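Student: Could you walk me through this fold, one question at a time?

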Amino acid sequence: MPLTSLSGDRLERIAQARQLVFQGREDALGAGVSPWIAQSWQRCLSMGLQPDQAVGFDAISAQHMRRVQEASRPLVQAAQPVLAELARAIADIRYFAILTNAEGIVVDVHGPVDRQDRRAEVIARVGVDLSEKAVGTTAISAALTELQPVWLHRGEHFFKDTSAYSCAGAPVFGPDGLCAGMLDLTGIETTERPALKHLVRRSARSIENSWLLSTAHALVLRLNWPGNQPGDDSDGLLTLDSDGHIVGANPTARQMLSLSPATHGQPLHASDVFATAWQGLFDAAKHSDSPKELPLWSVLRLQTQAFEADKQAPAAHSPGMPAPGKALKDVQTHMIREAVNQARGNVAEAARILGISRAHSCFLARAGELAVLAQDG
């Protein structure tokens with residue numbers, strides 16, 4: 001059973017919000033849609049775009065595409081195994097995955113794309129420009145602008161030509177901490193599934209971690225707060241060179257350590273972060289892989305687990321991704337279980353994480369799905 005059903009009330013609220021924004025009403029930002037969607041519509045209008053005009057879905061030039069492909073190669077390579085699993089997971093719900101660079105240019109496509117449907121064909125092409133200035137408000141432009149996971153349904157897209165799409169999107173950050181692109185899941189005239197925002201966020205995290213671990217480094221540190229169990233994609237990851245300089249970090253580690261994106265020519269050192277001798281991190285990797293608590297200069301303490309690059313165990317299957325070949329019901333159950341675990345058994349909070357409406361979360365609870373999972377957790 002789908003996590004949410006197509007709601008006429010929902011589409012009506014979107015239509016009313018569009019009318020308010022396009023009329024320039026001052027109260028438009030608080031009506032019917034999230035403020036960032038209304039703000040994107042307003043940006044489109046300020047660029048001279050009109051919702052009724054035809055969208056070209058134009059591709060960039062061959063010369064520009066060569067530059068994009070060269071710059072995006074590390075992102076695309078890191079994303080390949082994640083996208084392959086993701087495509088299998090979403091095959092039964094008629095969604096497909098699009099990977100773009102930070103400009104909104106498509107660099108890879110995976111999943112069941114119906115090439116006979118022009119609405120799928122025009123966006124599922126490597127080289128097509130899906131930026132806000134080219135195709136208006138989409139999950140792609142929103143994720144790249146807001147730098148957070150998003151969900152857009154039908155008329156929340158700016159143009160009428162794009163109002164058939166339902167999309168979840170999440171930004172993807174490189175080892176240097178800068179946004180390198182985004183991952184998008186798109187369906188066409190299909191059931192609304194805001195829970196996919198949770199799935200796309202976890203998939204983007206898997207890409208970031210895969211990319212970070214594929215870059216040259218001497219030591220990798222898994223970071224977590226004391227009391228949490230390390231070993232999955234929710235960990236902070238920090239990589240060091242043999243002299244203790246920080247080579248890269250995933251977004252979680254940057255939040256834990258208050259690290260800004262890397263500045264060229266000014267690498268941070270482990271001793272700038274940890275209030276302990278940095279050589280001890282390498283000693284810990286040689287003698288034991290058990291987690292240890294280390295002090296930070298902020299006086300906080302982090303649980304760390306160190307691995308040498310040449311001895312690092314192969315990454316386990318990401319718990320954020322369902323196993324290959326799972327049926328749709330199993331995929332949905334997996335997503336619900338992940339959200340319930342994240343919410344520590346709180347059904348209402350799990351529903352919020354998944355993007356499920358309050359009414360539907362009550363229905364799921366009555367049906368026993370979330371309640372049973374909460375008890376199991």
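**Cores, strands and helices**

Tutor: Let's begin inside: the largest nonpolar core has 38 residues, and Phe-57, Phe-96, Ile-123 and Leu-130 touch the most other members. A nonpolar core here is a set of buried Ala, Val, Leu, Ile, Met, Phe, Trp, Tyr and Cys residues joined through side-chain atoms within 4.5 Å, and buried means under 20% relative accessible area, exposed over 50%, partly exposed in between (1.4 Å probe, protein chains only). This is a predicted model, where local features need pLDDT of at least 70 and side-chain atom pairs count only at pLDDT 80 or more, while totals for chains, interfaces and linings use all residues. Residues are numbered from 1 along each chain as its sequence is written, and side-chain values use heavy atoms, with hydrogens and water left out.

Student: Which helices and strands each supply at least two residues of this core?

Tutor: Helices (H or I, at least four residues) and strands (E, at least two) are DSSP runs numbered from the N terminus. On the helix side, the suppliers are helix 1 (8–22), helix 2 (35–46) and helix 6 (139–146). The strands doing so are strand 1 (95–101), strand 2 (106–110), strand 3 (150–153), strand 4 (165–173) and strand 5.

Student: What is Ile-123 in contact with, leaving aside its neighbours within four places in sequence?

Tutor: Contact means heavy atoms within 4.5 Å. With neighbours within four places set aside, Ile-123 is in contact with Phe-57, Phe-96, Ile-98, Val-106, Val-128, Leu-130, Tyr-165 and Thr-186.

Student: How many residues are in the second, separate core?

Tutor: Met-65, Val-107, Leu-183 and Leu-199 are included in that second core. Its size is 30 residues.

Student: Is strand 1 largely enclosed or left open, and why?

Tutor: Tyr-95, Ala-97, Leu-99 and Asn-101 point one way from strand 1, with Phe-96, Ile-98 and Thr-100 pointing the other way, and all are buried. Because seven of the seven residues are buried, strand 1 is largely enclosed by the rest of the structure.

Student: Why is helix 6 largely enclosed, and what covers its buried residues?

Tutor: Six of its eight residues are buried, so helix 6 is largely enclosed by the rest of the structure. The buried ones are Ala-139, Ile-140, Ser-141, Ala-142, Ala-143 and Leu-144. Their cover includes helix 2, strand 1, helix 5 (132–135), strand 3, strand 4 and strand 5.

Student: Is Thr-190 buried or exposed?

Tutor: Thr-190 lies in the loop between strand 5 (179–188) and helix 7. Not counting residues up to four places away in sequence, Thr-190 touches Ile-93, Arg-94, Tyr-95, His-153 and Ser-166. Its relative accessibility is 8%, so Thr-190 counts as buried.

Student: Which strands stand at the edges of the five-strand sheet?

Tutor: That open sheet has the order 8-7-6-10-9, with antiparallel pairing. Two strands have a single partner each, so one side of each is left without a neighbour in the sheet: strand 8 (246–249) and strand 9 (292–295).

Student: What angle does helix 7 make with strand 7?

Tutor: Axes are lines fitted to C-alpha atoms, for helices over the stretch in contact, and angles run from 0 to 180 degrees between N-to-C directions. Helix 7 (residues 196–214) packs on the sheet, touching strand 6 (219–224), strand 7 and strand 8. Its direction against that of strand 7 makes about 15 degrees.

Student: How many disulfides does the count come to?

Tutor: The rule asks for a pair of cysteine sulfur atoms within 2.5 Å. Cys-44 is buried at 0% relative accessibility, and Cys-167 is buried at 5%. The disulfide count comes to zero.

Notes
Pairing = 2+ DSSP bridges.
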